[in-house]
Amino acid sequence: MIKCIRYISMAFLLPVLFTCDAITNFIISDEDEITLGQKFRAQICADAVNYPLYTKDTAVINYIQLMGQAIADAQSDRKNIPFSFTIIDSNIVNAFSLPGGPVFVYRGLLKDARSGAEVAGVLAHEIGHITMRHAAKKLAEAYGVQIIDQILFGSDSSAAAIIANLLAGMAFLKVGRDNEYQADSCGVAYSVLTRYNSYGIKNFFQTLYNLYGDTPFELFSDHPATSERISNVQRLINKTPGVPPGVPPNDTTWMHQADYAVILSKL
Ligand SMILES: [Zn+2]
């Protein structure tokens, strides 16, 4: 019954309201978005070939989970979301987030980061994609309610086939320039709220630029260029209240983290 109402309403509202928040909320409720994300997450975690999970050192796993949860708890843009933080055991330099809470970060990214604040900036960026519902909106806009319903309410095998297709290119996670800038803004703001150095995301972009130049990453989409984002994040930092001037770039002020060098030695 609920599905029928949704379809009928969509037929009337779709032409004029398709991209606004109201219709996205209507298409995917929080509850559905969380279920959707958990189905994607389960399939990723079961795919040891493409997404081998990092299990080597529980201190590293706990560090990322504690850090991610602290950032998720500090933000107030979107509460009551079951965030999770999982490390993929691969040298790829990447991170991504799914609708409704799951965040994945690759070991390669953790190895390139030079401080906990840089990792915090990346996690805060990914959490920002979730709080701003970027992937959920993209799914609704690009694939429509029927595909989402098949994942949510279809048989396990048909849902798994659709998820596998969507994961193949990760196209639904490739959001536009505006969304990336908005997630960068969250990266700065949430870092400040968690008392991490707000320069974390900027420093991580700088680290990437030093290592790879303007090579595109999924995390940062293929646009805008890393160098462009460094200057943009600096502008965001300048505008963010609560950022003390002249903070040493690698100083993390959050009290409950081990030195990142210890984590690096375990990766
Ligand atoms: Zn992003």
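Predicted model: local features only at pLDDT ≥ 70, side-chain atom pairs only at ≥ 80, totals over all residues.
Start with the inside. In soluble globular proteins, nonpolar side chains tend to be buried together. Here, the largest nonpolar core has 43 residues, and Val-105, Leu-123 and Ile-127 are the ones with the most contacts inside it. Helix α6, which covers residues 116-131, gives the most to this core, with 8 residues. Take Ile-127 as an example: once its neighbours within four places in sequence are set aside, Ile-127 still touches Ile-71, Ala-72, Gln-75, Phe-83, Val-103, Cys-186 and Tyr-190. There is also a second, separate core of 12 residues, and its members include Phe-40, Ala-135, Ala-136 and Leu-173.

Helix α10 (residues 200-212) and helix α11 (residues 226-239) have axes 9 Å apart, at an angle of about 160°. Angles over 145 degrees count as roughly antiparallel, and α10 and α11 are therefore roughly antiparallel to each other. Their crossing is left-handed. On the α10 side, the contacts involve Ile-201, Lys-202, Phe-205, Gln-206, Leu-208 and Tyr-209; on the α11 side, they involve Thr-226, Ser-227, Arg-229, Ile-230, Val-233, Gln-234 and Ile-237.

Helix α8 tells another story. α8 runs over residues 156-169, and its 14 residues reach 21 Å from the first C-alpha to the last, close to the expected 20 Å. α8 is hardly covered, with 0 buried residues among its 14.

Definitions and conventions: Residues numbered from 1 in each chain as written. Helix = DSSP H or I, 4+ residues; strand = E, 2+ residues; numbered from the N terminus. Expected span 1.5 Å × (residues − 1). Buried ≥ 20, exposed ≤ 12 C-beta atoms within 10 Å, placed from the backbone. Core = buried A, V, L, I, M, F, W, Y, C linked by C-beta atoms within 7 Å. Contact = placed C-beta atoms within 7 Å. Axes fitted to C-alpha atoms, helices over the stretch in contact; angles between N-to-C directions. Parallel < 35°, antiparallel > 145°, perpendicular 65-115°, else oblique. Left-handed = near helix turned anticlockwise from the far one by under 90°.
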